[in-house]
Amino acid sequence: MFVLVNLKAYPCDPVAVAEAARDVSEESGVRVAVAPQAAHLSAVAETGVETWAQHVSPVEHGSHTGSTLAEAVADAGATGTLLNHSEARRKLADIDAGLDAAERAGLETVVCANNPGQVGAAAALGPDAVAVEPPELIGTGTPVSKADPDIVTDAVQAATAVDDSVDVFCGAGISTGDDLDAARELGASGVLLASGVAKADDPRAALEDLVAPLVE
């Protein structure tokens, strides 16, 4: 199981969260990555934690003011990127071009999708993974694995039917070890979460609880 912590634009200390994630990953043997704001990528990467970008733009070098260039993200120390998060939705052509940009820069990719149908469409574009995240559950603390387990199993089936090499992650409402365990039982190979760690009073304790089912 892969644990990807998206810090969004929450008012947390990205370096402190990154250090906690690094330590929990090293001690548990669980793969844990942190996706901070673009301005914090270098500082987070310097902690030694696996670092991801929250987004890269579907552009190459050139006149693209305000874009997030995939090569710049990689230069800052990121090794992967999210694309098409529910809070940063893109057209299909832009997702495809974003994947091309990530590939140029050597970045691993996770494309977010709202439902199993979108998961299948995203998988057809050839990302490393897709993450199913019903937007109505994001930030609620109610995990999709419990609110609607069929969405996760159907997403796994949809991705497998298109390309069985594409991993499926479970997002929206994930915050505890029980949530991670439920996602794993439903066929997910990773989880994507944000507020459960970024807004926690003790991010390290939250991460330790999250990965506990994987080290017991």
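Hello everyone, and a word on ground rules first. The model is predicted, so local features need pLDDT of at least 70 and side-chain atom pairs count only at pLDDT 80 or more, while totals for chains, interfaces and linings use all residues. Residues are numbered from 1 along each chain as its sequence is written, and side-chain values use heavy atoms, with hydrogens and water left out.

Let's start with the barrel. Here 8 strands close up in the order β1-β2-β3-β4-β5-β6-β7-β8, with parallel pairing. Strands here are DSSP runs of E with at least two residues, helices are runs of H or I with at least four residues, and both are numbered from the N terminus. Two strands pair if DSSP finds at least two bridges between them. On average, neighbouring strands of this sheet are turned by 25 degrees against each other, direction ignored.

Ala-78 sits in the loop between α3 (70-75) and β4. Is Ala-78 buried or exposed? With 7% relative accessibility, Ala-78 counts as buried; the cut-offs are under 20% relative accessible area for buried, over 50% for exposed, and partly exposed in between, using a 1.4 Å probe and protein chains only. Setting aside residues up to four places away in sequence, Ala-78 touches Leu-41, Thr-51, Trp-52, Ala-53, Val-73 and Leu-107, where contact means heavy atoms within 4.5 Å. Ala-78 and Ala-35 are 43 residues apart in sequence, and their C-alpha atoms are 8.6 Å apart in space.

Moving into the strand, a reminder: side chains in a regular strand alternate between the two faces of the sheet. From β4, Gly-80 and Leu-82 point one way, Thr-81 and Leu-83 point the other way, and all are buried. On one side, 2 bridges join β4 to strand β3 (residues 50-53), and the two run parallel; Ala-53 stands opposite Thr-81. β4 is also joined to β5 by 4 bridges, again parallel, and there Leu-82 has Val-110 as its bridge partner.

Asn-84 has a phi near 65 degrees, a positive value in a residue other than glycine, and its relative accessible area of 6% makes it buried. Lys-8 is another case: its phi is near 45 degrees, also positive in a residue other than glycine. You will find Lys-8 in the loop between β1 (2-6) and α1 (14-28), and it is buried at a relative accessible area of 11%.

Back to β5. This strand is largely enclosed by the rest of the structure, because 5 of its 6 residues are buried. Take Thr-109, in β5 (residues 108-113), which counts as buried at 5% relative accessibility. Beyond its neighbours within four places in sequence, Thr-109 is in contact with Trp-52, Thr-81, Leu-99, Ala-102, Pro-127, Asp-128 and Ala-129.

Within the strand pair, Val-132 stands opposite Cys-170 in β7.

Last topic: helix α10 and its two partners. All these angles run from 0 to 180 degrees between N-to-C directions, with axes fitted as lines to C-alpha atoms, for helices over the stretch in contact.

How do α1 and α10 pack, and at what angle? Their axes are 9 Å apart, at an angle of about 25 degrees. That makes α1 roughly parallel to α10; under 35 degrees counts as roughly parallel, over 145 as roughly antiparallel, 65 to 115 as roughly perpendicular, and the rest as oblique. Residues that meet include Val-17, Ala-20 and Ala-21 in α1 and Leu-207, Val-211 and Val-215 in α10.

The axes of α8 (residues 177-185) and α10 (residues 203-215) come within 7 Å and cross at roughly 45 degrees, so α8 and α10 are oblique to each other. Here Gly-177, Leu-180, Asp-181 and Arg-184 in α8 meet Asp-209, Leu-210, Pro-213 and Leu-214 in α10.
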